[in-house]
Amino acid sequence: MEKLLSVVVSVYNEEAVLAQFYEETKRVLDEIPWDYELLFVNDGSHDGSLRILEDLAGQDEHVKLVSFSRNFGHESAMIAGIDYSSGQGIICMDADLQHPPACIPKIVERLEAGFQVINMVRTRNESAGWFKNLASSAFYKVINILSDVKFESNASDFFGISRHVADVLKYNYREKVRFLRGYVQNVGFKKTTIQYEAGIRAAGESKYSIRKLFQFSVNTIVCFSNLPLKLGIYAGAMAALLGLLVMVYTLFTRGGAPSGYATIVVLICFMFAILFVLVGIIGEYIAILFTELKDRPIYIVEETKNIK
């Protein structure tokens, strides 16, 4: 029986590039030895993306469409694509052509070789700019220090997984605040990496602002590490040591207590700064717990095309 490959594509306001993406990807998929489905997830686009996807689904039975009732975010779109996929192998990628369709045959080769997780690692991403590249590198260094799970640096939302891994993600990893590429690296199984150079964005602009990237980074750290919660212990020990040093200085200086109005102000400001940082960290964890306890759906589907 011929194997089926599911290519999951997250779409949010990508009308300018969808036709080009479809043509390039279909040309590659027609040459691989597997049958395929091209599963687009419309993440509440408010441009003409949905109309284009509906037209493609009407013309090509390989094209399948899942459309959300509103924008739920890139992570939710990829989770939905995995949920609705039916292939023995699944590839997740974006529609902006920064994830090169030409890499698909390499992923299929690794799936055929028995690998269940194929991480795609960027070697270059010139279109992101120096700041985002620097921030991405710094993010992976920080998360690897804080977390027990070690992540591949510059791993992206472009990856391949087996049906077994897809089922694990579908039934077990259902957090409302999530880091999907982290889960993919965390599930274990036989895995490998493929390096690729990110293509130039074909059209449009990135949907991730600096603010969204910062919030995404904070959520990821909170999801994968409880070390920030332990900072209170270290801060308390440091404050105790600092207090001890001030006491020793006070007892052994000839002038008695330091004249130190400025010293007192600095110490108070320093201690309150530590206190507020710790309160903020605890608040982030409570916000994650609150989101999980509400147990609202990860996504809501408005319509589907060509899906049984």
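Biologist: What share of the contacts in the chain with a separation of 6 or more is accounted for by residues 24 or more positions apart?

Modeller: Bear in mind that this is a predicted model. Contacts between residues 24 or more positions apart make up 84% of those in the chain with a separation of 6 or more. The chain itself has 308 residues, of which 45% count as buried, and its secondary structure comes to ten helices and eight strands.

Biologist: How is the accessible surface of the chain divided by atom type?

Modeller: The accessible surface comes to about 16,300 Å², and carbon and sulfur atoms hold 60% of that area.

Biologist: Where does Phe72 lie, and which residues does it touch beyond its sequence neighbours?

Modeller: Phe72 sits in the loop between strand E3 (63-68) and H3. Once residues up to four places away in sequence are set aside, Phe72 touches Asp43, Pro297, Ile298, Tyr299 and Ile300. For Tyr299, the separation along the chain is 227 residues, while the C-alpha atoms of the pair are 6.1 Å apart. Buried means under 20% relative accessible area, and Phe72, with a value of 15%, is therefore buried.

Biologist: Is Arg70 buried, partly exposed or exposed?

Modeller: Arg70 also has its place in the loop between E3 and H3, but its relative accessible area is 47%, so Arg70 is partly exposed. Apart from neighbours within four places in sequence, Arg70 is in contact with Asp43 and Gly44.

Biologist: Which residues does Val301 contact, leaving aside its neighbours within four places in sequence?

Modeller: Val301, which belongs to strand E8 (residues 301-305), is in contact with Val66, Ser67, Phe68 and Tyr84 when those neighbours are left out. Val301 and Ser69 are 232 residues apart in sequence, yet their C-alpha atoms are 5.7 Å apart in space. With a relative accessible area of 27%, Val301 is partly exposed.

Biologist: Where is Gln116 found, and which residues is it in contact with?

Modeller: Gln116 is found in the loop between H4 and strand E5 (117-124). Neighbours within four places aside, the contacts of Gln116 are Gly160, Ile161, Ser162, His164, Val165, Phe189 and Lys190. Gln116 can also be set against Ala166, which is 50 residues away in sequence and 9.5 Å away from C-alpha to C-alpha.

Biologist: How many disulfides does the structure hold?

Modeller: The structure holds zero disulfides. Cys92 counts as buried at 0% relative accessibility, and Cys103 is buried with a relative accessible area of 7%.

Biologist: How many residues line the second largest pocket, and which lie nearest its centre?

Modeller: The lining consists of 18 residues, and those nearest the centre are Leu4, Glu37, Lys64, Ser86 and Lys308. By class, the lining divides into six nonpolar, five polar and seven charged residues. Strand E2 (residues 35-42) supplies the largest share of this lining, with four residues. The space in the second largest pocket is about 370 Å³.

Terms used:
Residues are numbered from 1 along each chain as its sequence is written. This is a predicted model: local features need pLDDT of at least 70, side-chain atom pairs count only at pLDDT 80 or more; totals for chains, interfaces and linings use all residues. Side-chain values use heavy atoms; hydrogens and water are left out. On a 1 Å grid over the protein atoms alone, a cavity is a set of points where a 1.4 Å probe fits but cannot get out, and a pocket is an open set with protein on both sides within 12 Å along at least five of seven lines; lining residues have an atom within 4 Å of a point. Grid points are joined across faces, edges and corners, and a volume is the space filled by probe spheres set on the points. Helices (H or I, at least four residues) and strands (E, at least two) are DSSP runs, numbered from the N terminus. Ala, Val, Leu, Ile, Met, Phe, Trp, Tyr, Cys and Pro count as nonpolar, Asp, Glu, Lys and Arg as charged, and the others, Gly among them, as polar. A disulfide is a pair of cysteine sulfur atoms within 2.5 Å. Buried means under 20% relative accessible area, exposed over 50%, partly exposed in between (1.4 Å probe, protein chains only). Contact means heavy atoms within 4.5 Å. Accessible areas come from the Shrake-Rupley method with a 1.4 Å probe; for residues, only the protein chains shown count as cover.
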